[in-house]
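Welcome! Please take a look at the sequence and the model below before reading on.

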Amino acid sequence: VVPNEHSSKLLVKAGIDHLCLLKNYMLPVDFEYFFRKLGFKLAAKFFARFLQRLGDIFFFHASRNARCTINELEHFNEEIDNLWQSVKDVPDILTGSKSSTFLNWKYGKNPDSGFQVLQYRTSTGVLVGYMIFSVTDSKLHIFELVSIKNKYSVGMTSELRKFAKANQLVGIYFCTTPNNPVLKVLWWRGFFPIGGDLQLLCKGEIVTENHPWVFSGSDRNL
């Protein structure tokens, strides 16, 4: 559970203990926007261009043969279930449900956001990863990031960055716990914590901070 300020003490008193923080991470896309926001108007263009080129170097395609598509979210099918089966069978990593039935219910019928899905496939057409995201106020928010290998997560983020640049978005935002294994590859490519952390409480000892498990902002009620 992610409590609000008023319910936190009551939940802890009831035996639901603090587990860790749910942290917000961001990948800058429009560096000039952030430099100007911080008040560095004179140096904005010079440093923004340098960092933009640096970002282009870090975000390479994981495979030249991979294929990526970005579409409005319509309907998930058994292809997602096949991928989900591969992901949940990874030893010792605990994650929430990503079945097609659950995703269709959670995102397909949500009236609050226009969700889009990025699908990442091998040259033979096999789905190896996907992202679900939405755009609000020129900011791209990742809700789901699922892949069978970290290199596919890098490839998908590279494609998402290209999408954000093409649509003049300022940054890519991702809310998750610090022990999410995918952060190991995203940190080295420019994602960093930006504050606004939320407390995550847990009943029992199903998970610990040191155990490999995945929890993101999408695992909360939308």
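This report walks through the model, from its overall make-up to a few of its parts.

## What you are looking at

This is a predicted model, in which local features need pLDDT of at least 70, side-chain atom pairs count only at pLDDT 80 or more, and totals for chains, interfaces and linings use all residues. Residues are numbered from 1 along each chain as its sequence is written, and side-chain values use heavy atoms, with hydrogens and water left out.

The predictor's confidence in each residue is given as pLDDT, from 0 to 100. The protein averages 81, and 81% of the residues score at least 70. Among the elements, strand β6 (residues 171-176) has the highest mean pLDDT, 94, while helix α3 (residues 41-58) has the lowest, 62. Where pLDDT is low, the predicted coordinates should not be read in detail.

## The overall build

The protein has 7 helices and 8 strands; these are DSSP runs numbered from the N terminus, with helices (H or I) of at least four residues and strands (E) of at least two. Of its 222 residues, 43% are buried. Buried means under 20% relative accessible area, exposed means over 50%, and partly exposed is in between (1.4 Å probe, protein chains only).

A contact means heavy atoms within 4.5 Å. Among the contacts with a separation of 6 or more, 72% are between residues 24 or more positions apart.

## Two nonpolar cores

A nonpolar core is a set of buried Ala, Val, Leu, Ile, Met, Phe, Trp, Tyr and Cys residues joined through side-chain atoms within 4.5 Å. The largest one has 25 residues, and Leu140, Ile142, Leu145, Leu160 and Ile172 touch the most other members. At least two residues each come from β1 (17-28), β3 (116-121), β4, β5, α6 (150-166), β6 and α7. Helix α6 gives the most, with 6 residues.

Leu145 shows what such a position looks like up close. Leaving aside neighbours within four places in sequence, Leu145 is in contact with Tyr130, Met131, Ser153, Met156, Phe174, Val182 and Leu186. A second, separate core of 15 residues includes Phe76, Val87, Leu127 and Tyr130.

Which residues of helix α4 (residues 78-88) are buried? They are Ile80, Leu83, Trp84 and Val87. Seen down the axis of α4, these residues fall within an arc of 105° (taken from the directions from the helix axis to the C-beta atoms), so they line one face of the helix. Their packing partners are α5 (100-108), β4 (127-136) and β5 (139-147).

The face turned away from the buried side carries the exposed residues Glu78 and Asn82.

## Asn180 and the cysteines

Asn180 is found in the loop between β6 and α7 (183-186), and is buried with a relative accessible area of 6%. Its side chain is joined to that of Thr176 by a polar contact of 2.9 Å; a polar contact is a pair of N or O atoms within 3.5 Å, where within protein one must be able to donate a hydrogen and the other to accept it, and residues adjacent in sequence count only if both atoms are side-chain atoms. Not counting residues up to four places away in sequence, Asn180 touches Phe174, Trp213 and Val214.

The structure holds 0 disulfides, a disulfide being a pair of cysteine sulfur atoms within 2.5 Å. For Cys202, the nearest cysteine sulfur is that of Cys20, 9.1 Å away. Cys202 is buried, with a relative accessible area of 16%.
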